[in-house]
Amino acid sequence: QSGIGFNTKAKTLEVLSFNAKSFRVLPLVKFTWREWKNNSNSIIIKIQKSFKTCSVIIRSSASNEDTLHLSNAGKYVSFGNIPINNISEISKAIENVFFSYINVKPIDQIFVQEHLSDIRLSGVAFTADVDTLSPYYIINYDESGDSSVVTSGSKGNLKTYIHFKHSSVKPPLSFLRKLLASLKEIEEI
């Protein structure tokens, strides 16, 4: 298997979800700008039928967001805590995410997932040093319960854990041990 390659964020999450053994990806509904413009009502109905939750998050998945040469991480907006039963708020959030792409293309996507609450820890993990490509797992995380602290760049009580990939030393915390196992699995996929 040659791996999943670079694709939209939504497609990558779908592939990871299908192949995951040590982690779980929340279910998602994805659609393109073309699909939205052609039949927004059926997409709203699909969203409402797909989630048994009170609220959802509308997330960006532009065709130029995750490429081999450019990340664009954090460039586009997402909207969380959108009530599942409020059609106008869902539509408005979807339109605003698409419009954040500036020059939206028919193939650009958005995806919707359950909005999580009561988050204990959130963060971003890298499977190499982004500046040098050195073989380190680098995990930036926050324990405040605010899932946007790490990705928004706002000031918070961020913590960083760095682990040399070839080290035999076990991480000091159990969640870090589990996360490293998941990162290794993602690399294999």
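The legends below describe close-up views of one predicted model. Residues are numbered from 1 along each chain as its sequence is written, and side-chain values use heavy atoms, with hydrogens and water left out. Because the model is predicted, local features need pLDDT of at least 70 and side-chain atom pairs count only at pLDDT 80 or more, while totals for chains, interfaces and linings use all residues.

**View 1. The chain as a whole.** Five helices and seven strands are found in the chain, where helices (H or I, at least four residues) and strands (E, at least two) are DSSP runs numbered from the N terminus. Along the sequence they follow the pattern α-β-α-β-β-α-β-β-β-α-β-α. Of the 189 residues, 32% are buried, which means under 20% relative accessible area, with exposed standing for over 50% and partly exposed for values in between (1.4 Å probe, protein chains only). Among contacts (heavy atoms within 4.5 Å) between residues at least 6 apart in sequence, 60% join residues at least 24 apart.

**View 2. The largest nonpolar core.** A nonpolar core is a set of buried Ala, Val, Leu, Ile, Met, Phe, Trp, Tyr and Cys residues joined through side-chain atoms within 4.5 Å, and the largest one here has 22 residues. Those with the most contacts inside this core are Phe-31, Trp-36, Ile-47, Ile-58, Ile-94, Phe-98 and Ile-110. At least two of its residues come from each of β1 (28–32), α2 (33–50), β2 (55–61), α3 (87–99) and β4 (109–114). Leaving aside its neighbours within four places in sequence, Ile-47 is in contact with Val-29, Phe-31, Ile-84, Ile-90, Ile-94 and Val-112. A second, separate core of eight residues includes Leu-13, Phe-23, Phe-111 and Ile-189.

**View 3. Surroundings of Glu-95.** Glu-95 lies in helix α3 and, neighbours within four places in sequence aside, is in contact with Trp-33, Trp-36 and Lys-37. The C-alpha atoms of Glu-95 and Trp-36 are separated by 9.1 Å, although these residues are 59 residues apart along the chain.

**View 4. Salt bridges between separate parts of the chain.** A search of the whole structure finds four salt bridges, each defined as a side-chain nitrogen of Lys or Arg within 4 Å of a carboxyl oxygen of Asp or Glu. In one of them, Lys-30 pairs with Glu-14, the closest N and O atoms being 3.5 Å apart. Lys-30 lies in strand β1 and Glu-14 in helix α1 (residues 9–19), so this pair ties together parts that are 16 residues apart in sequence. The side chains of Glu-143 and Lys-159 also meet in a salt bridge (2.6 Å, N to O), linking the loop between β6 and α4 (149–152) to strand β7 (residues 159–164). Lys-165 and Glu-187 form another salt bridge (2.5 Å, N to O); Lys-165 lies in the loop between β7 and α5 (174–188) and Glu-187 in helix α5, so the pair ties together parts that are 22 residues apart in sequence.

**View 5. Loop residues with positive phi.** Ile-102, in the loop between α3 and β4, has a positive phi of about 65 degrees although it is not a glycine. At 68% relative accessibility, Ile-102 counts as exposed. Asp-118, in the loop between β4 and β5 (122–126), has a positive phi near 55 degrees and is likewise a residue other than glycine. With a relative accessible area of 77%, Asp-118 is exposed.
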